[in-house]
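Work through the exercises below with the sequence and the structure at hand. Each task is followed by a solution in steps.

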Amino acid sequence: QMCKETGIENSLKELELNNNKLKIIKYYYFYGLIKLEILFLSQNQISSIEKNSFNSLVSLVTVSYTHLT
């Protein structure tokens, strides 16, 4: 699981996941990150994003991505 409840999910505003060889975004990866405003996903191998993957990201303003397959 990408994001386990540790308390940081209540305050995290920026998350950089660049160059992590991600291939799929599961629906629960970002669950609970209600303060997240900026998400970086560049330079990954993402070929699939599950439905509702970004639903809990109610504060999300920017998603940065390049080279998604």
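## Exercises on a predicted model

**Exercise 1.** Asn44: buried or exposed, and which backbone nitrogens does the side chain of Asn44 reach?

Solution. The model is a predicted one.
- Step 1: Asn44 has 3% relative accessibility. The limit for buried is under 20%, so Asn44 counts as buried.
- Step 2: Asn44 sits in the loop between strand 3 and strand 4.
- Step 3: A polar atom of the Asn44 side chain lies 3.0 Å from the backbone nitrogen of Asn20. The side chain of Asn44 also reaches the backbone nitrogen of Lys21, at 3.0 Å.

**Exercise 2.** Find how many aromatic pairs the whole structure holds, and classify two of them.

Solution.
- Step 1: The search of the whole structure gives three aromatic pairs.
- Step 2: One of them joins Tyr27 and Tyr28, with 5.1 Å centre to centre and 90° between the planes. Planes over 60 degrees apart count as edge-to-face, so the pair of Tyr27 and Tyr28 is edge-to-face.
- Step 3: Another pair is Phe30 with Phe54, at 5.9 Å centre to centre and 15° between the planes. Planes under 30 degrees apart count as stacked, so Phe30 and Phe54 are stacked.
- Step 4: Phe30 and Phe54 are 24 residues apart, and their pair links distant parts of the chain. Phe30 belongs to the loop between strand 2 (24-25) and strand 3 (38-40), Phe54 to the loop between strand 4 (48-49) and strand 5 (62-64).
- Step 5: Tyr27, Tyr28 and Tyr29 form one aromatic cluster.

**Exercise 3.** Describe the surroundings of Phe30.

Solution.
- Step 1: Phe30 has a relative accessible area of 0%, so Phe30 is buried. Phe54, at 29% relative accessibility, is partly exposed.
- Step 2: Beyond residues up to four places away in sequence, Phe30 touches Leu15, Leu17, Ile25, Leu39, Ser53, Phe54, Ser56 and Leu57.
- Step 3: The largest nonpolar core has 13 residues, and Leu15, Phe30 and Leu39 are those with the most contacts inside it. In soluble globular proteins, nonpolar side chains tend to be buried together.

**Exercise 4.** Which residues is Glu50 in contact with, leaving aside neighbours within four places in sequence?

Solution.
- Step 1: Glu50 is in the loop between strand 4 and strand 5, and its relative accessible area of 24% makes Glu50 partly exposed.
- Step 2: The contacts of Glu50 are Ile24, Ile25, Lys26 and Tyr27.
- Step 3: With the side chain of Lys26, the Glu50 side chain makes a polar contact (3.4 Å).
- Step 4: Glu50 and Tyr27 are 23 residues apart along the chain, with their C-alpha atoms separated by 5.4 Å.

Technical notes
Residues are numbered from 1 along each chain as its sequence is written. This is a predicted model: local features need pLDDT of at least 70, side-chain atom pairs count only at pLDDT 80 or more; totals for chains, interfaces and linings use all residues. Side-chain values use heavy atoms; hydrogens and water are left out. Rings of Phe, Tyr and Trp (its six-membered ring) pair if their centres lie within 6.5 Å; planes under 30 degrees apart count as stacked, over 60 as edge-to-face and the rest as tilted. Helices (H or I, at least four residues) and strands (E, at least two) are DSSP runs, numbered from the N terminus. Buried means under 20% relative accessible area, exposed over 50%, partly exposed in between (1.4 Å probe, protein chains only). A nonpolar core is a set of buried Ala, Val, Leu, Ile, Met, Phe, Trp, Tyr and Cys residues joined through side-chain atoms within 4.5 Å. Contact means heavy atoms within 4.5 Å. A polar contact is a pair of N or O atoms within 3.5 Å; within protein, one must be able to donate a hydrogen and the other to accept it, and residues adjacent in sequence count only if both atoms are side-chain atoms.
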